[in-house]
Amino acid sequence: MTTPLGQLAIDDRDPATRRVTVARETRETRIGITLDLDGSGHASIATGIGFYDHLLTSFAHHGLFDLAVQAEGDLHVDEHHTVEDVALVLGAAFALSLIHI
């Protein structure tokens, strides 16, 4: 990663569970992710990028965790910012959900 994560908003984190909601907003994107590591593989993904939605859905399904991703980005310019920022927030969500272990 070449730049800092910037401002992440931890909207919901229950220390008793491995469930977390994280958001990040930049000039190019608005990302919201809820991750539950103790889920069943349910996914609700909306990035505006069909193949990325498919990959994230498969990731949750085969990983047996619940994942909700809501992303808005400057897709009229390029998909790069949306893909990158979803990945940054998803990584942060995994880190925060595992912090009490």
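Trainee: Which residue is the bridge partner of Thr34 in β5?
Mentor: Ala68. Keep in mind that this is a predicted model.

Trainee: Which strands does that pair belong to, and how do they run?
Mentor: Strand β3 covers residues 29–36, and strand β5 covers residues 66–73. They run antiparallel. There are 8 bridges between them.

Trainee: And β4 with β5, parallel or antiparallel?
Mentor: Parallel. Strand β4 spans residues 43–46 and is joined to β5 by 4 bridges.

Trainee: What stands opposite Ala43 in β5?
Mentor: Leu67.

Trainee: Zoom out. How many helices and strands in the chain?
Mentor: 2 helices and 5 strands. Along the sequence the pattern reads β-β-β-β-α-β-α.

Trainee: Is Thr82 buried or exposed, and why?
Mentor: Buried, because its relative accessible area is 0%. The cut-off for buried is under 20%.

Trainee: What is Thr82 in contact with, leaving aside neighbours within four places in sequence?
Mentor: Thr29, Thr47, Ile49, Ala71, Gly73, Asp74 and Leu75.

Trainee: What separates the C-alpha atoms of Thr82 and Thr47?
Mentor: 7.4 Å. Along the chain, these two residues are 35 apart.

Trainee: What about contacts across the chain: what share joins residues at least 24 apart?
Mentor: 60%. That is among contacts between residues at least 6 apart in sequence.

Trainee: Now overall dimensions. What radius of gyration does the chain have, and what would a compact globule have?
Mentor: The chain has 13 Å. A compact globule with 101 residues would have a value near 13 Å, so the two agree.

Trainee: And what box do the C-alpha atoms fill?
Mentor: Roughly 40 × 25 × 20 Å, taken along the principal axes.

Trainee: Last topic, surface. What is the accessible area, and which part belongs to carbon and sulfur?
Mentor: The accessible surface is about 5900 Å². Carbon and sulfur atoms account for 56% of that.

Trainee: What percentage of the residues is buried?
Mentor: 35% of the 101 residues in the chain. Thr82 is one of the buried residues.

Terms used: Residues are numbered from 1 along each chain as its sequence is written. This is a predicted model: local features need pLDDT of at least 70, side-chain atom pairs count only at pLDDT 80 or more; totals for chains, interfaces and linings use all residues. Side-chain values use heavy atoms; hydrogens and water are left out. Two strands pair if DSSP finds at least two bridges between them. The radius of gyration is taken over C-alpha atoms; the globule rule is 2.2 Å times the number of residues to the power 0.38. Buried means under 20% relative accessible area, exposed over 50%, partly exposed in between (1.4 Å probe, protein chains only). Contact means heavy atoms within 4.5 Å. Accessible areas come from the Shrake-Rupley method with a 1.4 Å probe; for residues, only the protein chains shown count as cover.
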